[in-house]
Amino acid sequence: GPGIPDPAIRTTCPYCGVGCGVLARRDGKGGAAIAGDPAHPANLGRLCSKGSALGETLSLGSRVLHPLKRNAAGGYDRVSWEFALDAVAEGLLSLIRREGPEAVAFYLSGQLLTEDYYVANKLMKGFIGSPHVDTNSRLCMSSTVAGHKRVFGSDTVPGNYEDLDSADLIVLVGSNTAWCHPVLFRRIQQNRSERGAKVVVIDPRVTATADDCDLVLQLRPGSDSVLFAGLLVHLAEHSLTDATYLARHASGFQAVLENARGIAPDIATVAARTGLSPADIAAFYTLWAGTPAVVTAWSQGVNQSAQGTDKVASILHCHLATGRIGRPGGGPFSLTGQPNAMGGREVGGLANMLAAHMGYSAVEIDRVRRFWNAPNMAQHEGLKAVAMLDAVADKRIKALWVMATNPAVSLPRADHVMAALQGLDLFIVSENVLSNDTLAARPHVILPAAAWGEKDGTVTNSERCISRQRAFLPLPGEVRPDWWIICEIARRLGFAAGFGFADASEIYAEHAALSAFENVGSRDFDIGAHAALTRRDYDALRPVQWPVPAGKSQGTARLFADGGFFTPDGRAQMKPLAMPALAAEPSEAFPLLLNTGRVRDHWHTMTRTGLSPRLSAHVSEPGVHVNPADMARFGLEEGGFARIANAHGAVVLKVLGDAGVPAGSLFAPIHWSAQTASDARIGAAVQPFCDPYSGQPEMKATPS
Ligand code: SF4
């Protein structure tokens, strides 16, 4: 009633993979007051600048509120949902009949909720019969998935955020944690100031993260696995490995050690290959070896590499060799980029996974087919993001449905992607906003999707914690949740029986049941305890770390301290690495290595953070960060403009002198697009070379 404030709704921040709990209280004017949720284990009440400005980003001015259909003149007509859904379904059906199911594909997003992902994946891989479902998570952490699966036999993060509070040493590799996972960085800082934990930052670029640490290792781009191979050699030579753990719980150690000796036989070789001083390397090795409670955490500097899987494995090997895994305060830790990157992994959002962490073995295909009662199961892995857009470009894929992402900005060779999208026979986009670069490629149909604050579902953060996103605002205009849109299309394609969900809770319950279906502890991802959740239970669901098998009321804090890997023999698998190298070396024509990444106060392509004046004030325009020696070498002036060109494309950016960027490198943020700053869309100048296992492109080192 009047004068009585709305109750606060518990939800989860829509930005980074920290997954902070948020309390949202409607203000009665279409907006909401935002605060951190003290009861959420990820943030314990804290929020960073982006999270605390969420209330400034809820206006409807830039939103798409009605279905739109492209007309013959190239403009858009507002159409009814019936008309839009019929047009999409008829277009898909006629293409599938003419070209077969593999002519259609979905490109999804870590912004989608797990329930949205689940029905999209089920429709495509079980009912349409195409394996081509991939996601922008491919650009984010797919090398970690591949590394985890290679070594652990499953995509499992062993530890949790409490380990960052209780570790005695935290090593941050290829991660500007201070800007990209700010609330976790505050936990690390608190541990450092209150408990005296040591922090080591390993990154070619000196970032804000290096302002508060004990040792900075500014290594050469691409040389991370040399450093960790050298650490493994150091551990073995100083008899600091855990022979008991290795004997019981791992295989392949001797072969990996021999391989490491070939890559990094001694500190002098490590110094020559990484560009670090022998003294710094020795200091790091001594510190790591002598500190049992060590967390080695990494992010995109490791993942976004044509050898990302090997880099992840090189870190896992050191933890396995010392048995420092799954113990309080110790373990390897992937800091996931997106709010639901892990949720997408759980349901099969990646082209190489089927569902519930199952792959494409004959047994798994048959198991999922029976569970779904699926008429058209995909029989093999689908195309990963970069390859998927290549298939669009050469017209092997003729229909693409993009949901909640902006590939015309974010994928490598963005101009090539833009042209590919423009050539589609059927191009469908589910979106929140009326204008972005992907919409500039003129989709045939634009479907208005619900945004944060309006939609209901779950997300999973970097520590395997499943949290609810809850609606606290009404659906504006004719906006609908993504899962509803997908189910409506499924019904029109003749698959009503598999998609009769009344709400997100029913989808979650089915997803949970699939995770436990014929799973006698053989798969890591098991949330069977949630298969019988009622709608009320789902509404009340508290954050919980998977696995939560049937019969358990609590989640699982840590795994693998006593082995129990998800491999056929239960042992971790250590395999040799390729010789570390960049995908492409600098040359006379392209002498500088272009690195890309985030700034503190923007998120992805700024469609939400760009609405907050406070957030936009931190870095108000795009620029390229250049070492002063390279500014002199190329005659560049502070504040002037530079054209950065390479074999893949070109951008024009304002020059910013930055001694933190090593000589021979450049750094440019990923956020700006042709819509927000013409010629500054950095994806146009990013190379498409991918890791052979993960398919993740090397976005951190393009010769330019
Ligand atoms: Fe949101 Fe990440 Fe900031 Fe937490 S740290 S408030 S999840 S952006």
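Helices (H or I, at least four residues) and strands (E, at least two) are DSSP runs, numbered here from the N terminus. Their axes are lines fitted to C-alpha atoms, for helices over the stretch in contact, with angles running from 0 to 180 degrees between N-to-C directions. What you're looking at is a predicted model, where local features need pLDDT of at least 70, side-chain atom pairs count only at pLDDT 80 or more, and totals for chains, interfaces and linings use all residues. Residues are numbered from 1 along each chain as its sequence is written.

Let's start with a pair of helices. The axes of α3 (residues 114-128) and α21 (residues 482-492) come within 8 Å and cross at roughly 20°. Angles under 35 degrees count as roughly parallel, so α3 and α21 are roughly parallel to each other. Contact here means C-beta atoms, placed from the backbone, within 7 Å. On the α3 side, the contact residues include V119, L123 and F127, and on the α21 side they include W483 and I486.

Now stay with α21. Eight of its 11 residues are buried, so α21 is largely enclosed by the rest of the structure; buried means 20 or more other C-beta atoms within 10 Å of a residue's own. Among the buried ones are W483, I485 and I489. The buried residues of α21 pack against α3, and also against α2 (81-99) and α22 (504-516), among others. After α21 comes G494, with a positive phi near 95°.

Elsewhere, look for an open sheet of six strands, ordered β23-β24-β22-β25-β21-β26 with mixed pairing; two strands pair if DSSP finds at least two bridges between them. Its edge strands are β23 (641-645) and β26 (702-703). β23 runs antiparallel to β24 (residues 650-657), joined by five bridges.

Conventions: Parallel < 35°, antiparallel > 145°, perpendicular 65-115°, else oblique. Contact = placed C-beta atoms within 7 Å. Buried ≥ 20, exposed ≤ 12 C-beta atoms within 10 Å, placed from the backbone.
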